[in-house]
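Please read them alongside the coordinates.

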Amino acid sequence: METNRQKKIGGVIQKDLVDILQGEVRKNGISNLVISVSKVSVTTDLSVATVHLSIFPQEKAAETLVAIKSNTKLIKHDLSQRVKLQLRKVPNLTFFIDDSLDYIEKINTALSAKENPIENRELLEHRKKI
């Protein structure tokens, strides 16, 4: 369970990372790309921050994540300049793609399709007869 301090630091990092990433997208003139930081969780010793990114369109997600990971040191430096009055040491950043929206969409399409597992229980894996 996260402590209040971890939540506050995660919120500060999340807000500033959104500004940094979206500022870079605008500064480089990249169109049709939206990067949002969906969640930041910080370890108990405040040394590592796990950043979950939602990238739209989904087709550009893999290459954008590679670009972000290759520029992690620069992003951390920009972040340290923004939070230097709030944090003594900026945590190391690890970036991941947040696929929860894809999971939700997959469930919605399964429920709206003709193969609805709620209405037809035989579609569920554990109920199939071999």
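This is a predicted model: local features need pLDDT of at least 70, side-chain atom pairs count only at pLDDT 80 or more; totals for chains, interfaces and linings use all residues.

1. Helix α3, geometry. Helix α3 runs over residues 72-83 and has twelve residues. From first C-alpha to last, α3 reaches 16 Å. That is close to the 16 Å expected at 1.5 Å a residue.

2. Helix α3, buried side. Which residues of α3 are buried? They are Thr72, Ile75, Leu79 and Val83. These four cover an arc of only 65° around the axis, so they sit on the same side of α3.

3. Helix α3, other side. Lys73 and Leu74 lie on the other side of α3, and they are exposed. Here, exposed means over 50% relative accessible area.

4. Cover over α3. What covers the buried residues of α3? The cover includes the helices α1 (4-27) and α2 (61-70). Strand β3 (92-97) is also part of it.

5. Cavity, size. Searching the whole structure gives one cavity of 30 Å³ or more. The largest cavity holds about 40 Å³ of space.

6. Cavity, lining. The residues lining the largest cavity are Ser54, Ile55, Phe56, Gln58, Asp98, Asp99, Leu101 and Asp102. Both β2 (48-56) and α4 (100-112) supply at least two residues of this lining. The largest share comes from β2, with three residues.

7. Asp98, Asp99 and Asp102 are among the lining residues, and Asp counts as charged.

Methods:
Residues are numbered from 1 along each chain as its sequence is written. Side-chain values use heavy atoms; hydrogens and water are left out. The expected span of a helix is 1.5 Å times one less than its number of residues. Buried means under 20% relative accessible area, exposed over 50%, partly exposed in between (1.4 Å probe, protein chains only). The arc is that of the directions from the helix axis to the C-beta atoms. Contact means heavy atoms within 4.5 Å. On a 1 Å grid over the protein atoms alone, a cavity is a set of points where a 1.4 Å probe fits but cannot get out, and a pocket is an open set with protein on both sides within 12 Å along at least five of seven lines; lining residues have an atom within 4 Å of a point. Grid points are joined across faces, edges and corners, and a volume is the space filled by probe spheres set on the points.
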